[in-house]
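Here is a short briefing on one protein structure. Keep the sequence and the 3D view at hand while reading.

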Amino acid sequence: VWPNELGEIVRWSPLVGADEAIYVATATRVRKFGRNGTLLWTFGWPGLRCSMSPALGVHSLLLGMEDWNSGHPTVFSLDLSTGSLEWSRAYPEYFGTRDSPAMLFLCDGRFAFGVRRGPGHGTDTVVAADASSGRVLWEYQADDIMWNFTPATPGDGTLIFSGSCGAVFRLSASGELLWRAGTHHNFSWCVPGGGALGPNGIFYAEYNEEVGESSYGSFPTDTLAAYRISDGSLAWRRHLPYRAAQYPAVGRLGPGGPLAVVAGVGDQPGPPILSAAEDRALVTEQGPMRNMVVAM
């Protein structure tokens, strides 16, 4: 058990290495624990806070941080065994996204991450960089806002991701747009939803199109859509019964079970209800907080 002595927020899921070591990123540092819970090393940097989910490679860990004041991001490459710094690179031309994006290792020694071209919230630009130095190889500015940007790759160096209002993009290994599918809302923000890539050549996007609407309630555009990664064509689209505002998950339902896409739906969680009066106020003022999980 790690007691979290500093009481830090942990915004990202832990990473588990091939040696069963566990990597945990908090608001200000990343820690490596052995399989028995022993703290092996810690890395942080004065004046910077963790701003991206780390990426675990064969020999290195990539950690994205941003300046507390300017918001400009910096990426660090750390040796997995010792936590020592291999290289770091600041990106003053970009801004952090103020949410919880992720980095992704690609093939051929590259990695990708999300940024903004100007101050604000959410990702509007995807950057690919050299994993041995952090040097920018290319960037792609989307016409949609991605929230908690979490890209996927089928393993060929291409990149697939979706926006908060339902747009889906596939980029080539050189950063060119191969196809764009889904909705068009021109740099708008709808919900903190996104997409997931299945082993069946399908990318699943969860979203709604209610630009600027309340975080509570269900809408006619609450949607789960499936796109073929070969050409971006629509395989199917389903309306969801409650607010669609999460990233779906894809996997088999038990050993040998059917392949399913699972979508969490419902209203934004609030603080614990302490009294009947608060419960009534929640229902009448913020909408009934209905939640469910849907598997398809």
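The notes below cover sheet pairing, nonpolar cores and cavities.

This is a predicted model. The largest nonpolar core has 16 residues, and another core, of 15 residues, lies apart from it. There are 2 cavities of 30 Å³ or more.

- Strand 1 runs antiparallel to strand 2 (residues 22–25), and 2 bridges join them.
- Leu15 faces Tyr23 of strand 2 across this pairing.

**The largest nonpolar core**

- Which residues touch the most other members of this core? They are Tyr23, Val30, Trp41, Phe43, Leu61 and Leu78.
- Two or more residues each come from strand 2, strand 4, strand 5 (48–50), strand 7 (60–67) and strand 8 (73–79).
- Strand 7 is the top contributor, giving 3 residues.
- Beyond its neighbours within four places in sequence, Tyr23 contacts Pro14, Leu15, Gly17, Arg31, Lys32, Trp41, Leu56, Leu61 and Leu80.

**The other core**

- The core of 15 residues includes Leu104, Ala112, Val126 and Trp138.

**Strand 12 and its partners**

- How many residues of strand 12 (residues 123–130) are buried? The count is 8 of the 8, so strand 12 is largely enclosed by the rest of the structure.
- Strand 11 (residues 110–115) joins strand 12 through 6 bridges, in the antiparallel sense.
- Strand 13 (residues 136–146) also pairs antiparallel with strand 12, over 6 bridges.
- Val126 of strand 12 stands opposite Gly114, and its bridge partner in strand 13 is Tyr140.
- Val126 is also one of the residues of the 15-residue core.
- The hairpin of strand 12 and strand 13 has 5 residues between the strands. In this hairpin, Gly134 takes a positive phi near 85°.

**Cavities**

- The second largest cavity holds about 30 Å³ of space.
- Its lining consists of Ser51, Met52, Glu66, Pro73, Gly96, Thr97, Pro101 and Gly114.
- By class, the lining of the second largest cavity splits into 3 nonpolar, 4 polar and 1 charged.
- Gly114 links two topics: it lines this cavity and stands opposite Val126 in strand 12.

Definitions and conventions:
Residues numbered from 1 in each chain as written. Predicted model: local features only at pLDDT ≥ 70, side-chain atom pairs only at ≥ 80, totals over all residues. Heavy atoms only, no water. Pairing = 2+ DSSP bridges. Helix = DSSP H or I, 4+ residues; strand = E, 2+ residues; numbered from the N terminus. Core = buried A, V, L, I, M, F, W, Y, C linked by side-chain atoms within 4.5 Å. Buried < 20%, exposed > 50% of the residue type's maximum accessible area, 1.4 Å probe, protein only. Contact = heavy atoms within 4.5 Å. 1 Å grid on protein atoms, 1.4 Å probe; cavity = no way out; pocket = protein on both sides within 12 Å on 5 of 7 lines; lining within 4 Å. Points joined across faces, edges and corners; volume = space filled by probe spheres on them. Nonpolar A, V, L, I, M, F, W, Y, C, P; charged D, E, K, R; others polar.
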